[in-house]
Amino acid sequence: MSSERGRVLIASNRGPLSFSRAADGTLTSRRGGGGMVSGLLSVAGHADVLWVCAALSDADRAAARSAAGGYLDLPEGGNGSAVRMLDIGAATFHRAYNSIANSTLWFIHHMLYDTPNRPDFGRAFRREWESYRDYNAAFAAALAEGAGPQRPGPGGPGAERPGSAGPGSAGPGSGQSGAAGIKAMVQDYHLCLAPKMLARARPDVAIGFFSHTPWAPPDYFALLPDYVAVEVLEGILGADHAGFHAQRWVDAFCDCCERFLGAAVDRATGTVVHDGHTTTLGVHPLGVDAAELRRRGQGADVTAQVTALTAMTAGRKLIVRIDRTELSKNIVRGLAAYHELLITHPEWRGKVTHLAFAYPSRHDLPEYREYTARVQRVARDIVDEFGTDDWDPLLLSVTDDYPRSLAAYRIADVLLVNPIRDGMNLVAKEGPILSERGCALVLSREAGAAAELAQGALLVNPYDVSATAQALHEALSMPDSERLHRADLLARAGSASPPVEWFTAQLDALG
């Protein structure tokens with residue numbers, strides 16, 4: 001077993017594997033997908049890794065309960081690497097995950113609230129917030145236990161964090177983390193409180209936190225109850241290093257730290273000092289493993305979907321979008337822009353097809369069910385208005401199908417990515433890498449990826465339907481030479497920080 005990076009602890013709501021139960025009752029595991037899993041797993045061959053996650057299904061819970069000591073084998077991990085699935089009570093998990101993480105913090109950072117009506121923070125919310133605390137405490141306790149015996153020395157038992165009421169973490173430069181050789185990487189808005197909780201329990205562990213979402217500006221962050229705003233910020237500042245996908249999210253976080261905590265922010269050095277502890281800040285945009293994506297994109301199942309989609313669209317130009325049916329993804333305005341394109345540029349009628357793949361997301365929340373229904377209504381209206389016997393102007397699918405998504409990337413002429421707000425957006429990076437035609441990218445300026453892809457993309461205001469329609473026309477009309485040049489720029493930028501480098505940079509930031 002290689003352990004050149006020592007002991008690495010990872011915490012995220014969704015883990016690197018999930019379980020399902022066969023008809024005969026046996027449990028089978030499947031590795032999770034996505035860039036974050038790939039990036040975090042990349043360290044498994046170079047460290048002893050413990051990945052702490054939540055059990056998300058009955059099969060996950062059964063696997064967690066049956067595992068010796070609660071520890072499962074980590075995919076691609078070496079000797080000593082493991083996954084610990086936390087079997088958190090259903091009521092606590094629901095309140096923490098659905099009511100706080102997805103219905104409060106997600107809405108705050110993506111600025112989604114219909115403020116004349118929501119939010120309202122009353123007695124029920126306080127109970128939900130207690131569950132969020134309990135959920136984070138369960139993760140912090142599992143991480144502290146997974147770190148092994150506490151090391152003696154400056155960060156050992158009895159050590160006080162400067163300015164705090166109890167033990168805490170020290171910065172990477174203090175020598176504490178180096179002595180212990182233990183690093184914890186806490187992921188995303190589900191676990192904002194965990195860094196501080198872990199720091200108090202294990203001052204010998206160097207702690208990193210990464211935010212995969214945007215960060216709300218202070219005036220919007222102020223919608224949260226004051227005590228919640230403070231707890232969230234102080235929770236993250238329990239980490240020694242906090243990472244974000246884009247500089248604008250770092251800047252917003254700094255603004256909130258200054259306003260709500262009175263913290264000392266040094267933007268030149270990228271540090272926040274609060275309660276006697278220094279947290280460094282970093283921009284770590286997650287990119288695509290281009291070689292792996294291209295390998296998967298040439299799979300037989302993907303090629304079969306390319307053949308099927310090409311036959312369905314009869315050689316017409318293709319505008320492609322691939323999203324979860326998530327409120328922030330702005331699918332309805334994207335469909336409205338396509339509708340306006342067909343009205344203002346009737347020359348495209350019969351010559352273009354819109355492939356809109358809008359996959360299910362969070363259907364246990366009523367807002368998401370209603371939004372999915374609205375997407376389907378708008379799509380039907382477009383087909384009813386413009387469809388003919390020999391032309392389907394729009395093909396909408398709400399069934400998740402990864403090979404079909406990769407096939408759509410390969411044959412896209414235009415890729416539409418128009419979120420209201422997005423921490424990063426990997427679709428904008430994946431599409432140009434797989435495109436065989438050199439697709440043009442119409443990209444919202446509110447996506448974190450816009451900072452990296454601005455040179456090659458056509459940037460739009462996601463609320464301006466007419467401007468988006470005009471950008472679609474410009475993309476469809478673009479000369480081949482310009483489109484290919486832009487696609488090359490996009491592919492290079494999108495693969496500049498692949499998952500392995502993304503995660504390694506964060507580990508290196510901890511010393």
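Reader: In which loop is asparagine 425 found?
Author: This is a predicted model, where local features need pLDDT of at least 70 and side-chain atom pairs count only at pLDDT 80 or more, while totals for chains, interfaces and linings use all residues. Residues are numbered from 1 along each chain as its sequence is written, and side-chain values use heavy atoms, with hydrogens and water left out. Helices (H or I, at least four residues) and strands (E, at least two) are DSSP runs numbered from the N terminus. On that basis, asparagine 425 is found in the loop between β16 (414-417) and α15 (427-434).

Reader: Is asparagine 425 buried or exposed, and why?
Author: Buried means under 20% relative accessible area, exposed over 50%, and partly exposed in between, with a 1.4 Å probe and protein chains only. Asparagine 425 has a positive phi near 100° and is not a glycine. Because its relative accessibility is 6%, asparagine 425 counts as buried.

Reader: What is the phi of asparagine 330?
Author: Asparagine 330 lies in the loop between β13 (317-324) and α12 (331-344), and counts as buried because its relative accessibility is 1%. Although asparagine 330 is not a glycine, its phi is positive, at about 70°.

Reader: At what distance from the ring centre does arginine 118 lie over the face of phenylalanine 107?
Author: A charge sits over a ring if NZ of Lys or CZ of Arg is within 6 Å of the ring centre and within 35 degrees of the ring normal. Arginine 404 lies over the face of phenylalanine 357, at 4.7 Å from the ring centre. For arginine 118 over phenylalanine 107, the distance is 5.5 Å.

Reader: How is the pair of tryptophan 129 and tyrosine 132 classed?
Author: Both residues lie in helix α4, three residues apart, about one turn of the helix. Tryptophan 129 and tyrosine 132 are both buried. With 4.9 Å centre to centre and 25° between the planes, this aromatic pair is stacked.

Reader: Which residues have the most contacts inside the largest nonpolar core?
Author: A nonpolar core is a set of buried Ala, Val, Leu, Ile, Met, Phe, Trp, Tyr and Cys residues joined through side-chain atoms within 4.5 Å. Ring pairs link Trp215, Phe221, Phe244, Phe253 and Phe260 into a cluster. The largest core has 103 residues, and those with the most contacts inside it are Trp215 and Phe221.

Reader: Which are the edge strands of the open sheet of six strands?
Author: Two strands pair if DSSP finds at least two bridges between them. The sheet has the order β15-β14-β13-β16-β17-β18, with parallel pairing. Each edge strand pairs on one side only, and these are β15 (394-397) and β18 (458-460).

Reader: In β16, what is the bridge partner of valine 320?
Author: β13 and β16 run parallel and are joined by two bridges. The partner of valine 320 in β16 is leucine 415.

Notes
Phe/Tyr/Trp six-rings, centres within 6.5 Å; stacked < 30°, edge-to-face > 60°.
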